[in-house]
Amino acid sequence: MAEEYLHGTSREEQGRLSLLNRLMNDNALREIAVERGDRIVDFGSGLGQLSRGMARAAGLRLLGIERNAEQLAECARQAALDGEEHLLELRQGDATDPPLRDDEWGKFDLAHARFVLEHVRDPLLVVKQMARAVRPGGRVVLQDDDHDTLRLWPEPPGFDALWRAYIRTYDRIGCDPYVGRKLVGLFHEAGLKPRRCTYLFFGACSAEGSWDGFIDNLVGLFVGSRAAICALIRPDEFDCAVKALREWAARPDAAFWYAVSYAEGVKP
């Protein structure tokens, strides 16, 4: 498989991803600015919360493509629980070889992917497939990580080594933890016309109501990839750094700064 998702699909990881969606999706939907009537394909639709948000805005059923059967099942369960299963058509498939019918290629108004390119070994191939999927004048929207943007202050003891080890888990399997800074270049290489790029802020300080959610997500990110990280640092180093992170989160002067890279391209 082309995709290398570090965190697995455990119930705990699905819970973390659901929390992440709650923290991020309002900002993402404002930036994407889906238009009524947009026909949308979501590459790597995951648990589908953002997919459903885009579908609601479009007023049309969205096609979600997801590689992992467990994620598809949980996506369908959550949609049914919310009475929104009518918003999604779900297909299992890889973003590098999406399961589109011959009559669907080149027909979508918007192709979207979030947190997909950092987990594939050939991001350009995914963007080329997204470009194939949209009509002339259609948009391709990418949201992805550049892990160099993270800042915690005051920095918890051991955090720098923990974060650097986490980043190295990506390149050890041939993936790119800095792909966010390359999104516009990928558009250009894929034959799309880059239109704009920006950052979506993701962070808080300890005085904000969202603080606990951000910390739970960050801790969950590490805990879910503990085995991969502990191939690079000692388990006791890992445990001490996570403990220090939890203690740091109780400080009144603690702040967490991050930014997700966002870019749009248009098919000529």
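Guide: Helices here are DSSP runs of H or I with at least four residues, and strands are runs of E with at least two, numbered from the N terminus. Keep in mind that this is a predicted model. With those labels, alanine 33 sits in the loop between α1 (11-32) and β1 (40-43).

Visitor: Why is alanine 33 called partly exposed?

Guide: Buried means under 20% relative accessible area and exposed means over 50%. Alanine 33 has 44% relative accessibility, so it counts as partly exposed. Its phi is also positive, about 55°, although it is not a glycine.

Visitor: How do you know that the span of helix α9 agrees with what it should be?

Guide: Helix α9 (residues 235-248) has 14 residues, and at 1.5 Å a residue they should span 20 Å. The end C-alpha atoms are 20 Å apart, so the two agree.

Visitor: What makes you say the buried residues of α9 line one face?

Guide: Phe238, Ala241, Val242, Ala244, Leu245 and Trp248 are buried in α9. Looking down the helix axis, the buried residues fall within an arc of 160°, so they line one face. On the other side, Cys240 and Lys243 are exposed. The cover over the buried residues of α9 includes β6 and β9.

Visitor: Why are β6 and β8 said to stand at the edges?

Guide: Picture the open sheet, with 3 strands in the order β6-β9-β8 and antiparallel pairing. β6 (151-153) and β8 (204-205) each have a single partner strand, so one side of each is left without a neighbour in the sheet.

Visitor: What joins β6 to β9?

Guide: 3 bridges do, and the two strands run antiparallel. Tryptophan 153 stands opposite alanine 255 in β9.

Technical notes. Residues numbered from 1 in each chain as written. Predicted model: local features only at pLDDT ≥ 70, side-chain atom pairs only at ≥ 80, totals over all residues. Heavy atoms only, no water. Pairing = 2+ DSSP bridges. Expected span 1.5 Å × (residues − 1). Buried < 20%, exposed > 50% of the residue type's maximum accessible area, 1.4 Å probe, protein only. Arc of directions from axis to C-beta. Contact = heavy atoms within 4.5 Å.
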